[in-house]
Amino acid sequence: MSTAIVLAGNPNSGKTTLFNELTGARQHVGNYPGVTVEKKQGTCISDAGKFNIVDLPGTYSLTAYSLEEVVARDFLVDEKPSMIVNIVDASNLERNLYLSVQFMEMGIPVTIALNMMDVAKKRGISIDIEKLSQLLNVPVVPTVARSGEGKKELLQTIASTVNSKVDPLIISYGRDMDTAIDEMEEIIQSSAFLTENYRARWTAIKYLENDSQVIESGQKADRKVALQLEKIVEKVSAHLAATLDAHPEGIIADQRYGFINSILKQNLITYYQDKNRLQLSDKIDKVVTNRFLGPILMVAILLGLYKFTFTYSEIPIGWFESFFGWVGNIADSNLPDGLLKSLVISGIIDGVGGVLGFVPLIMFMFLGIAFLEDSGYLARMAFMLDRVFRMFGLHGSSVMAFIVSGGIAGGCAVPGVMAARTLKSPKERLATLLTVPFMNCGAKLPVFALLVAAFFAENEATVMLLITMISWMGALLVAWALRSTIIKGEATPFVMELPPYRMPTFKGILIHTWERTWQYIKKAGTVILGISIVLWAMMTFPGLPETKTQKFENQRSVITSGVTAQVLSELETSDEDQLSEQALTIKESLTQVDFDEAHAGLKNSIAGRIGSSLEGITKFAGFDWRTNIALVGGFAAKEVVVSTLGTAYSIGEVDPEETTSLSERLKTAKGWGPLTAFSLIIFTIFYAPCFVTVVCIAKEAGSWKWAAFSVVFNTALAFGLSVVFYQVGSIVLT
Amino acid sequence: MGKISLRQMQVDQKGTIASVKAFGELGRRIRDMGLIPGKEIKIQGRAPLHDPVSLRIMGFTLTLRNNEADLIEVEV
């Protein structure tokens, strides 16, 4: 037999730490208000018995303000747990008890785990635990979740009190309100209105609180009774407004705090230090959020995080690359030439390699973010930047996602999109998700580098800066546009706790990082492999017709026909730098035929046909079919734009790191000039995110609809901007 | 002694909340966090662009935007 209990409490009260301590389950320990949205369950087997524990999201109240509160309340109402273990931060008793009181009003048995006793002690607070327990009429057990202190006593207390019946706490809300509550209670009882789920008094209070969720379900349950209740609320509201200039909602909060105060005032707490003494955390804040030092420090920390992630992840990324290169080589030498080989190497190995290539990046990024989040610094960053981001309908916390995605050129939108999880406000979060792909990720840089080197070599630095500015402006303006149209709605209030700075626990950060990484591998992996194969097929099929392949075969025979057998065997066996001059020329001609064949194959492929058929439209932006194919390929990963352009210009696949040959070729190619180049740069900044990012957007936004939106909308936007730029540019320049 | 809106308060200034004129979701949130009449607050600091503001109440630090602070009247 096991008992179902829930862990509930304020954010930053050590709830998650206690959950990990009790169940050993893997879960994130946060220091940013409200970090647990998912419901986490675990089992605790102890001497005191077996408990099924659900970790409710951290909330400050049950008034259904945020999604977390709705989730927590629904769970308590629907599942009717045997007990609520309420984690209360001893160093922050008054506000924490506000939630406890609401649990007690629901009539579910409550045990209080008075946590962070060590912090309270350090702050010079001592609490009379026995008296607190007596006055609240619930068991209170002191704990220190970080060290596991008090865990045993807590479990014993839970075991011994779990089946006891408790009466719901009744707080007086003042004469006018109490009369109204009594009247409503009677109506509710006699007509069995919502009594299946809620206690009568609780429903009455929720009506007075103007709780839209309860009022709505009331209207569905029994219209007549609902109207009756609404009338009473209206009457008492009018009366209170006239006599006290007050509102039922306000009075309820006042009285709840009043009730807590009446308890705390009974010599419950002793301060043996000045209550208003500046805590260490406050002293840190004086520097860290200082007008001048704050922003400087923030830039330094962001740069540090950035350097840390992208420098150190390069090493394991290199391992992955060499590993997949090695696997590719094995496949290359063991499989017969043909479609299967091409599928295995270009479709599967490159696809899986592409997925796993991001893993070190995600791990390092989340290691850094988890540290900032758990330490409490992330909340300060949001605090400092909120003013700027709010102008565009975003939230102070959006900054992390933007920076990671390439706000400082060279990031990656995949961890960027995942970093948007630190945002708790759904609308701001969606707007952030949809706009971070405009940042200049590391994969777009080779494209820019190629074009800038070819056409803007004299002003390289200026143009790169211009590109960064365009992407930021674009992203913020689009965010603003989205928030004023399809994701319209009030800004989420910034009434937020700045949690005290804490040293993150090593275990907590590792669990957090691992969870995120594993989620990425598991969920994204399968989809991405599938899409990778589809893209491979698009660039490969239908292949060249027999007659065409024959033509290239003939060209090869022509080249090799007059050559001596000795030179031919040299071509087979020797390395390139050992070849004689004659063999070298032959080899070059042969390679050129290979390139031409690849070029013809690409043009004939599905992607090539799409590219050619789109030429009629894309010519307005200055793009010919070659650019189009490259951009289609760029959907796989942006750097593929460069290698595909290489194939399309018959100079073979171009290594994105080494683009001199291609930029030389583009300089002289027909239809290319600074105007086309910059038009392509604009398009590359804004068009559809690579499909790994798209998959992540679908996952984070919770729907493929938004993923599809980001593909279609971004491409349309990019095309519009490029066309405008190219057309206006053509007029101005001629 | 006089009543001013929370937005007008200076850093390090102390006061007692006199009234909260916010309703609906925002009002609920403000009250849940303990910003109710009678509570003592102290302005802790302001963000570099002067908005949001952070304040100390009941021993913890709370932030809110200036337009949210407008709805709170404080006796100083």
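**Where the chains meet**

- In chain A, 31 residues are in contact with 31 residues of chain B (contact: C-beta atoms, placed from the backbone, within 7 Å).
- The elements giving two or more residues to this side of chain A are helices H3 (93–106), H11 (248–264), H12 (280–288), H13 (293–312) and H17 (377–390), plus strand E9 (496–498). Helices (H or I, at least four residues) and strands (E, at least two) are DSSP runs, numbered from the N terminus.
- The side of chain A that touches chain B has 14 nonpolar, 7 polar and 10 charged residues. Here Ala, Val, Leu, Ile, Met, Phe, Trp, Tyr, Cys and Pro count as nonpolar, Asp, Glu, Lys and Arg as charged, and the others, Gly among them, as polar.

**Strands around E5(B)**

- E9(A) and strand E5 (residues 60–64) of chain B run antiparallel and are joined by 3 bridges (strands pair if DSSP finds at least two bridges between them).
- A:Met496 has B:Thr63 as its bridge partner in E5(B).
- Within chain B, 5 bridges join strand E4 (residues 53–57) to E5(B), again antiparallel, and B:Ser54 stands opposite B:Thr63.
- E4(B) and E5(B) form a hairpin with 2 residues between them, and B:Met58 in the turn has a positive phi of about 50°.
- E5(B) is largely enclosed by the rest of the structure, because 5 of its 5 residues are buried. A residue is buried if 20 or more other C-beta atoms lie within 10 Å of its own, exposed if 12 or fewer, and partly exposed in between, with C-beta atoms placed from the backbone.
- B:Phe60, B:Leu62 and B:Leu64 point one way from E5(B), while B:Thr61 and B:Thr63 point the other way.

**Backbone details to look for**

- Most residues other than glycine have a negative phi, and most peptide bonds are trans.
- A:Asn210 has a positive phi of about 65° and sits in the loop between helices H8 (200–208) and H9 (212–221) of chain A. With 20 C-beta neighbours inside 10 Å, A:Asn210 counts as buried.
- A:Asp245 also has a positive phi, near 55°, in the loop between helix H10 (223–244) and H11 of chain A. With 9 C-beta neighbours inside 10 Å, A:Asp245 counts as exposed.
- The peptide bond from B:Asp51 to B:Pro52 is cis, with omega near 0°, and B:Pro52 lies in the loop between strand E3 (40–46) and E4 of chain B.

**How confident is the model?**

- Chain A averages a pLDDT of 84, with 93% of the residues scoring at least 70 (pLDDT is the predictor's confidence in each residue, from 0 to 100).
- Chain B has a mean pLDDT of 91, and 99% of its residues reach 70 or more.
- Over residues 28–36 of chain A, pLDDT stays under 50. Where pLDDT is low, the predicted coordinates should not be read in detail.
- The model scores ipTM 0.95 and pTM 0.80.

Terms used
Residues are numbered from 1 along each chain as its sequence is written. Chains are lettered from A and ligands numbered from 1 in the order in which they are written. This is a predicted model: local features need pLDDT of at least 70, side-chain atom pairs count only at pLDDT 80 or more; totals for chains, interfaces and linings use all residues. Two residues are in contact if their C-beta atoms, placed from the backbone, lie within 7 Å.
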